[in-house]
Amino acid sequence: LLSSYENEFAGDPYFDYQLGVAALEAGQAATAQQALERAVLVRPDFAGAWVDLALAHARLGEAETALQIVEHIES
């Protein structure tokens, strides 16, 4: 449902976060990664988006990137 609004609302960190979470739940890690990267680009202090971005990378088999994001969150 949210993907139909992506053209209109992409770039809004709260929309991108919700889209990313929904995509993760639907098993669409690549879509989640793209949306969550937009969210943290606009709001670098958005801890929840960083956590879910790490999860998206892990589900894509990108363990090293996921670990780097977790280390970033911890700092």
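**Entry 1: Arg38 and its partners**

I began with the side chains of Arg38 and Asp16, which meet in a salt bridge with an N to O distance of 2.9 Å. This pair links distant parts of the chain, since Arg38 lies in helix α3 and Asp16 in helix α2 (residues 13-25), 22 residues apart. I note here that I am working from a predicted model, and that each distance below is read from that model.

I then looked up a second salt bridge of Arg38, and found its side chain meeting that of Glu6, again at 2.9 Å, N to O. The pair likewise links distant parts of the chain, with Arg38 in helix α3 and Glu6 in helix α1 (residues 6-9), 32 residues apart. Taken together, Glu6, Asp16 and Arg38 are linked in a network of salt bridges.

**Entry 2: the remaining salt bridge**

I wanted the total, and the count comes to three salt bridges. Asp45 counts as exposed because its relative accessibility of 55% is over the 50% limit, whereas Arg43 is partly exposed, with a relative accessible area of 26%.

**Entry 3: Leu36 in helix α3**

I moved along to Leu36, which lies in helix α3 (residues 29-42) and is buried, with a relative accessible area of 0%. I asked which residues Leu36 contacts once its neighbours within four places in sequence are left aside.

**Entry 4: helix α4**

I next looked at helix α4, which has 13 residues and reaches 19 Å from its first C-alpha to its last, close to the 18 Å expected at 1.5 Å a residue. The buried residues of α4 are Ala49, Trp50, Asp52, Leu53, Ala54, Ala56 and His57, and what covers them includes α2, α3 and α5 (63-74).

**Entry 5: His57**

I ended with His57, which lies in helix α4 (residues 47-59). Is His57 buried or exposed? It is buried, because its relative accessible area of 5% is under the 20% limit. A polar contact of 2.4 Å joins the side chains of His57 and Glu62. Not counting residues up to four places away in sequence, His57 touches Gln33, Glu37, Glu62, Thr65, Ala66 and Ile69. Glu62 is therefore both a contact of His57 and its partner in the polar contact.

Conventions. Residues are numbered from 1 along each chain as its sequence is written. This is a predicted model: local features need pLDDT of at least 70, side-chain atom pairs count only at pLDDT 80 or more; totals for chains, interfaces and linings use all residues. Side-chain values use heavy atoms; hydrogens and water are left out. Helices (H or I, at least four residues) and strands (E, at least two) are DSSP runs, numbered from the N terminus. Buried means under 20% relative accessible area, exposed over 50%, partly exposed in between (1.4 Å probe, protein chains only). A polar contact is a pair of N or O atoms within 3.5 Å; within protein, one must be able to donate a hydrogen and the other to accept it, and residues adjacent in sequence count only if both atoms are side-chain atoms. Contact means heavy atoms within 4.5 Å. A salt bridge is a side-chain nitrogen of Lys or Arg within 4 Å of a carboxyl oxygen of Asp or Glu. The expected span of a helix is 1.5 Å times one less than its number of residues.
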